[in-house]
Amino acid sequence: MLRSRLFLLLAPVLLVGCGLITPSKTSEEDQELQEFAERRQEAATYYDGGEFIRAAAQYKKALELRPEHFMTQLGYAYSLTNTRFAPNIVLAIDFLNKTITVQTDDSKEAKRVYGLAEAYRLLAMYHRRRAEERENRGLLDEAEEDRVEGIKFAQSGVEAYERILVIDRRLESRNISGPIRASASLAPLAHIGIAVCCIILGDKDNQGPLDRAVHEVNQYATIAARAREFWETRRERMMQIDPLQSAVDGPGKQLASVEERARYDEMIQNTVEKEAIVRQGLVETYMYLGRFEDGVRESSKILELDNSRDDALFFRARCYALMEPPNYERALVDMREYRSRQDLTRLTQKVIRINQLISTYETRLREQKREKELSEAAGG
């Protein structure tokens, strides 16, 4: 069963900036240009603040002034997608397919296709979640319809993300790097996107997509680890003292401000968060399928990545207890550690549930040891 956090993954980053100032404009053209720039700035502000409906409205008004402006087109489509309202996402797909035509520019095409991929992924998640809700309510026919729709959109998502990787390899083969190779930042997200879609496609009768999901998230993990190493090196360098600047501004002048170093910390944590969320989706899917050893493996990878992720401890404990034969000793270690990280000053339902599980594991461990002793005695 996928948890809600998986549905919030991979919010796309919109690259803003007009670059529209040109000489020899008439007063009327200048006014139109200024209004366009203001609309775009308002849209970008709303977008950065998570007010995607308002952002879409402002981008739409800007497009009335400059209908062919690519970044404004993209901003409108991305804003619609991020509302996470199914009709808006469908509208974004239609807009990306019919209005934006930049296939001759690989860098722009990568951004367009990424918008499509994200829209397909979100629709797949929407239908998967609704299928589960309807199944729980006993609406089996409606649940099956949603499940079919979810599979269709997940498959479209995989195809779109794969196109991003093809474009990225094409750009790489031409030795295009730096800001020009805009899709370089999209390739890692494409691996994560494929993994999420494959988690949706995997079920008891078709577990192959889950193996693909593991491969893709491991691909992302390799890229993310290299990125973190680079950013950590840059951050450490920026924390060093700049002797030339210190001579002007006084002793101890560092190469970068606290805000600049904080941006590196945010980028580092962002890669960790994405990988952990997708691996958690794998854990919960493995539990649903009864693949508890795989659930333990993925939970351990999450904890290696970030030991503070309490949910990974809880799910690993559950996997240990449910595997065959159960490993109650390891389950107790994880569940007790999980309990130690909770607020135990209040007897909440969560704490009661944890205590019940620990008590159950302790009882079953004693029974397991007693059965082993009796078996060894009989054998002796």
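Because the model is predicted, local features need pLDDT of at least 70 and side-chain atom pairs count only at pLDDT 80 or more, whereas totals for chains, interfaces and linings use all residues. Residues are numbered from 1 along each chain as its sequence is written, and side-chain values use heavy atoms, with hydrogens and water left out.

The chain contains 14 helices and zero strands, where helices (H or I, at least four residues) and strands (E, at least two) are DSSP runs numbered from the N terminus. Of its 380 residues, 46% count as buried, that is, under 20% relative accessible area with a 1.4 Å probe and protein chains only. Among contacts (heavy atoms within 4.5 Å) with a separation of 6 or more, 64% are accounted for by residues 24 or more positions apart.

For the helix pairs, axes are lines fitted to C-alpha atoms over the stretch in contact, and angles run from 0 to 180 degrees between N-to-C directions. Helix α3 (residues 70–82) packs with helix α5 (residues 106–136) at an angle of about 10°, their axes being 10 Å apart, which makes α3 roughly parallel to α5 (angles under 35 degrees count as roughly parallel, and those over 145 as roughly antiparallel). On the α3 side, the contact is made by F70, L74, Y78 and T81, and the residues contributed by α5 include Y114, G115 and L122. The residues of this contact of α3 with α5 divide into six nonpolar, two polar and four charged, with Ala, Val, Leu, Ile, Met, Phe, Trp, Tyr, Cys and Pro taken as nonpolar, Asp, Glu, Lys and Arg as charged, and the others, Gly among them, as polar.

Helix α5 also packs with helix α6 (residues 140–173), at an angle of about 160° and with the axes 7 Å apart; α5 and α6 are therefore roughly antiparallel to each other. The contact of α5 with α6 comprises 17 nonpolar, five polar and 14 charged residues.

By class, the contact of α12 with α13 has nine nonpolar, no polar and seven charged residues.

Conventions. Buried < 20%, exposed > 50% of the residue type's maximum accessible area, 1.4 Å probe, protein only. Parallel < 35°, antiparallel > 145°, perpendicular 65-115°, else oblique.
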